[in-house]
Amino acid sequence: MKSMFKSTLLASLIFSLLSAFSVLAHADSMESALIDGVKFLDKVPEVEWYRVDGKSLVIGWRGIPQFFPHTNRRAAMRATISTGREVQVWAVRHNQKKWKIGSGDSPICTVTARNGRVKTDTCPR
């Protein structure tokens with residue numbers, strides 16, 4: 001009986017570890033796909049930095065360029081196409097590098113996209 005319990009416990013532990021590894025690998029591949037989808041941001045002079053935060057993309061802006069709303073929308077659309085998931089883009093000031101979603105500090109604006117289409121957009125026009 002103890003041998004059967006140990007085998008069941010070991011199988012359960014192995015399954016749990018494999019599941020956790022699968023979730024981490026999926027999260028890493030989603031992050032990579034999202035970053036690949038928004039590489040065009042590297043060429044936008046006013047974009048100081050950007051990073052993935054879960055299913056969101058946070059962009060640090062130095063100034064507000066003429067095509068600011070368009071660039072945020074484009075990032076959201078490309079990110080959702082590259083990941084196949086709903087993505088939210090958060091535009092913040094470049095000096096808010098440690099900004100976190102839900103931190104209480106307001107972003108400049110947000111754009112949410114799903115299936116290659118913008119669903120919500122609070123960016124000024």
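**First stop: Thr110**

Select Thr110: its relative accessibility is 10%, so it counts as buried, the cut-off for buried being under 20%. Bear in mind as you look around that this is a predicted model. Thr110 sits in strand β4, which covers residues 109–114.

What does Thr110 touch, leaving out residues up to four places away in sequence? Show Gln88, Val89 and Trp90, then Thr120, Asp121, Thr122 and Cys123; those are its contacts.

**Zoom out**

Now switch to cartoon and colour by secondary structure. The protein has 125 residues, and 34% of them count as buried. As for contacts with a separation of 6 or more, 53% of them are between residues 24 or more positions apart.

**Salt bridges**

How many salt bridges does a search of the whole structure find? The search turns up 4, and we'll visit some of them.

Stay on strand β4 and pick Arg114. Its side chain meets that of Glu86 in a salt bridge, at 3.1 Å from N to O. Arg114 lies in β4 while Glu86 is in the loop between α2 and β3 (87–93), so this pair ties together parts that are 28 residues apart in sequence. Buried or exposed, or something in between? Arg114 counts as partly exposed at 37% relative accessibility, and Glu86 counts as partly exposed too, at 38%.

Next, select Arg62 and Glu48. These two form a salt bridge whose closest N and O atoms are 2.9 Å apart. Arg62 is in the loop between β2 (56–61) and α2 (68–83), and Glu48 is in strand β1 (residues 47–53), so the pair links parts that are 14 residues apart in sequence. At 45% relative accessibility, Arg62 counts as partly exposed; Glu48, with a relative accessible area of 41%, is partly exposed as well.

For the last stop, select Arg51 and Asp53. Their side chains meet in a salt bridge at 3.8 Å, N to O, which falls within the 4 Å cut-off. Asp53 is partly exposed, with a relative accessible area of 25%.

Conventions: Residues numbered from 1 in each chain as written. Predicted model: local features only at pLDDT ≥ 70, side-chain atom pairs only at ≥ 80, totals over all residues. Heavy atoms only, no water. Helix = DSSP H or I, 4+ residues; strand = E, 2+ residues; numbered from the N terminus. Buried < 20%, exposed > 50% of the residue type's maximum accessible area, 1.4 Å probe, protein only. Contact = heavy atoms within 4.5 Å.
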